[in-house]
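Take a look at the two chains below. Keep the sequence at hand while you read.

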Protein chains: 2
Amino acid sequence: MTGTDRSRAVAAGPAPAIVLVEPQLGENIGFTARAMNNCGLSDLRLVRPRDGWPNDKALAAASGADAIINGARLFGSVEDAIADLNRVYAATARLRDMHRSVVTARQAASELRAHIGAGDSCGILFGPERMGLINDHVALADIAITIPLSPGFSSLNLGQSVMIIGYEWFQAGDDTPPRQLPERSPPAARKDLIAMFEHLERELDASGFVIDPEKRPSMVRNLRTMFERAELSEQEVRTMRGLIVSLVEGRRRPRRKTLKEENDKSEQGEGT
Amino acid sequence: MTGTDRSRAVAAGPAPAIVLVEPQLGENIGFTARAMNNCGLSDLRLVRPRDGWPNDKALAAASGADAIINGARLFGSVEDAIADLNRVYAATARLRDMHRSVVTARQAASELRAHIGAGDSCGILFGPERMGLINDHVALADIAITIPLSPGFSSLNLGQSVMIIGYEWFQAGDDTPPRQLPERSPPAARKDLIAMFEHLERELDASGFVIDPEKRPSMVRNLRTMFERAELSEQEVRTMRGLIVSLVEGRRRPRRKTLKEENDKSEQGEGT
């Protein structure tokens, strides 16, 4: 999917730090950086990455998020990595036997926006790929985040976890309207629409479309409903008027010889 | 992250088909299948995958979503792949110059739940990794979906796009409470909490904690607020009572000799 426009400045403002605890694969650090870039996050902190740092595979997988990789900070312990933060969330799979509040990713995003709006420094811990965060590291956080997913298959890889929590962070601050109407010429005025309906119905009457006159009122209602659903523009109403005239005139005019058979068939009328 | 529990049945019910149009890398087909599995989706359709089908790399990357890979259906055209559907969405990056409604991923999920609830067969088109869907394929859909992301960096890879749209599909049908309280012993009754406050304040008065009597009311209020915020359980109130007694008694009792210096210091009292 395209959609990257590097000419537009990213004015992200303060955002949570992403803290990867003992990440194993460089690729996953890269995917994390790319997901952060997608979501307006920039502060990446690494606690004891297994394959050392810097890591070429991380840079290769970051796919343009070089600034985040190059700006990543390295720490020897989780305690050091979160020392300056005053609100810490821990991304976990389902917790077992932990006396701890758990929020969904969506709820976490909304709370993080509120805390950061109030001036707090926030961060989110993510554990190693294979095992996730150990309980002692979860215990360093204020609260745990879980991502509700299909009960049998809630296991996510590291990049996907960061992507979803980052996505929710971005949505919580985004004001894209849920539905955007297409660019188009102005919607038709009712009088033009009604004139079109009456034109169509007149020509259908003339053509013998309705065989049983008792069915005419419901046919008219159904046709009008169908065209109303299409939310026609002024231009489209004009096009429809032309279309009706063309079909009617075409039927009356002699057609080109090569269309003779089709012509014969359509001359028989359509009935209901 | 762990969290996979294969013993729990997945009763997903009807869900949208995922249609990958000319996917390039087998890995991305695998990541798509894994994301579908996470999100309760199972109907995978492939239109002219570049590297042929079946594809070992797809199976390797699917990470347990073998049933989805093995059940994927192959089609020669987008038209064939969506022939049986009656509601089709197209996942796209920002559309340019298209006269077409666009919805967010969240809005699409809510609409898809409504359509599927009404018995419609639905599907979502995703384009090739490099370019996304061409306009002619978008035009085969009823409506376009975009994922609101950081303006400069809204480009997602195929697996991430499927993950987010699938995630929103799952959330739209999920009833996980936004915040779940931890398992714990019953919250303390107010009378026990107040008794604890009064015990603490009595001992603080006795110890000379408040030097300026005018400040006592605000000190009491602040301490009570602090403990109220912790939402103590019955058990924790009993622990706190024991803790107060221990600190008070310990001060009065002779300490072990090795702690003599510390002892001398704490005997001086703490002031405000």
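The text below goes from the interface to a strand inside chain A, and then to some backbone details.

This is a predicted model, in which local features need pLDDT of at least 70 and side-chain atom pairs count only at pLDDT 80 or more, while totals for chains, interfaces and linings use all residues. Residues are numbered from 1 along each chain as its sequence is written, chains are lettered from A and ligands numbered from 1 in the order in which they are written, and side-chain values use heavy atoms, with hydrogens and water left out.

Start with the interface. Chain A brings 63 residues to the contact, and chain B brings 63 residues. Contact here means heavy atoms within 4.5 Å. About 5,900 Å² is buried between chain A and chain B, and carbon and sulfur atoms give 50% of that area. Buried area is the accessible area (1.4 Å probe) that two parts lose on being put together, summed over both.

Four salt bridges are found across chain A and chain B. The rule asks for a side-chain nitrogen of Lys or Arg within 4 Å of a carboxyl oxygen of Asp or Glu. One salt bridge pairs Arg106(B) with Glu168(A), and their closest N and O atoms are 2.8 Å apart.

Which elements of chain A supply at least two residues each of the side that touches chain B? They are α1 (26-38), β5 (102-104), α5 (105-117), α7 (158-172) and β8 (179-180). Helices (H or I, at least four residues) and strands (E, at least two) are DSSP runs, numbered from the N terminus. The largest share, nine residues, comes from α7(A). By class, this side of chain A has 26 nonpolar, 23 polar and 14 charged residues. Ala, Val, Leu, Ile, Met, Phe, Trp, Tyr, Cys and Pro count as nonpolar, Asp, Glu, Lys and Arg as charged, and the others, Gly among them, as polar.

Strands also pair between the chains. β8(A) runs antiparallel to β5 (residues 102-104) of chain B, joined by two bridges. Arg179(A) has Val103(B) as its bridge partner. Two strands pair if DSSP finds at least two bridges between them.

Next, move to β4 (residues 87-91) of chain A. β4(A) runs parallel to β6 (residues 122-126) of chain A, with four bridges. There, Arg87(A) stands opposite Cys122(A). β4(A) also runs parallel to β7 (residues 143-146) of chain A, with three bridges. Ala91(A) has Ile145(A) as its bridge partner in β7(A).

Finally, the backbone. The peptide bond from Trp53(A) to Pro54(A) is cis, with omega near 0°. Pro54(A) lies in the loop between β2 (44-47) and α2 (56-61) of chain A. In chain B, a cis peptide bond joins Trp53(B) and Pro54(B). Glu22(A) is not a glycine, yet has a positive phi of about 50°. Glu22(A) sits in the loop between β1 (17-21) and α1 of chain A, and is partly exposed at 29% relative accessible area.

Conventions:
Buried < 20%, exposed > 50% of the residue type's maximum accessible area, 1.4 Å probe, protein only.
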